[in-house]
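This report walks through a few features of one structure, beginning with a hairpin and ending with the nonpolar cores. Please look at the sequence and the model before reading on.

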Amino acid sequence: MKVLSLAALALVAQQALAASPDLQAVVRYETVSQGADGVEKTVRYSERWVRQNGHVWRERLNAAAPHRHDDDGHQHLDFAAAPRHVWRNAKGELRVEFVHAAKRERIVVEKREWNDAGFDGSWARASQLVDASQLRGFAKKHESADVAIYRKAGKTLRWSERWQMPLQVTLRSVDGRQRETITVAPQALPAGAVPPWRRSAAWPARDYLDTLD
């Protein structure tokens with residue numbers, strides 16, 4: 001086991017970002033917390049991910065349709081659960097949009113509203129779930145030729161070199177009352193698969209600010 005240097009971590013991050021292979025994956029999230037009253041609560045949900053040619057799609061599974069806001073029929077989109085498409089344009093700039101499937105429209109989010117819409121601006125986290133450059137101080141060992149394990153103070157990450165994605169992330173609070181587990185099941189994209197952002201590409205675009213009324 002060894003502790004990675006900052007330079008080595010930066011190199012790992014650069015290599016990962018430059019060579020992220022196409023994939024599809026189901027990402028499962030589970031948070032278990034125990035309150036001061038001794039009651040334990042568990043939150044679980046799953047997402048479908050598609051990563052191809054510099055585009056990343058994230059979509060909450062089993063999410064209900066957006067709720068109607070009032071009698072005029074307009075619907076508020078839950079941006080945490082709505083399909084999100086992040087990509088780099090020809091200039092290398094990040095672009096973000098959400099898809100309102102019920103209304104067959106795309107919600108375009110400019111950079112100044114990214115945080116309000118729940119996007120932190122990190123291409124690394126958008127495309128690889130975690131930012132490998134933030135693993136400074138983690139101890140690393142290899143589980144196999146493909147899988148490396150990083151550990152530090154209640155945090156464990158199993159990283160797939162093949163997929164350039166974590167296979168599992170576990171976090172435990174210092175007092176042990178909360179633990180989070182993220183499990184990733186990556187697969188190769190089927191030959192000829194049409195990426196989900198292509199299906200909505202021709203839908204009309206709407207500015208994010210217009211959805212806040």
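## A hairpin

Five residues lie between the strands in the hairpin formed by β13 and β14, and G176 there has a positive phi near 75°. The model is a predicted one.

Opposite L171 stands E180 in β14.

A25 has P186, in β14, as its bridge partner.

## The largest nonpolar core

The largest nonpolar core has 35 residues, and W49, F98 and L129 are the members that touch the most others. At least two residues of this core come from each of several elements, including β2 (23–34), β13 (165–172) and β14 (178–187). Others that supply at least two are β8 (94–100), β9 (105–109), α2 (123–128), β11 (147–152) and β12 (155–160). β2 gives the largest share, four residues. In soluble globular proteins, nonpolar side chains tend to be buried together.

Which residues does F98 touch, leaving aside those up to four places away in sequence? They are L77, F79, A82, P83, R84, E105, R106, I107, V109 and A117.

## A separate core

Methods: Residues numbered from 1 in each chain as written. Predicted model: local features only at pLDDT ≥ 70, side-chain atom pairs only at ≥ 80, totals over all residues. Heavy atoms only, no water. Core = buried A, V, L, I, M, F, W, Y, C linked by side-chain atoms within 4.5 Å. Buried < 20%, exposed > 50% of the residue type's maximum accessible area, 1.4 Å probe, protein only. Contact = heavy atoms within 4.5 Å. Pairing = 2+ DSSP bridges.
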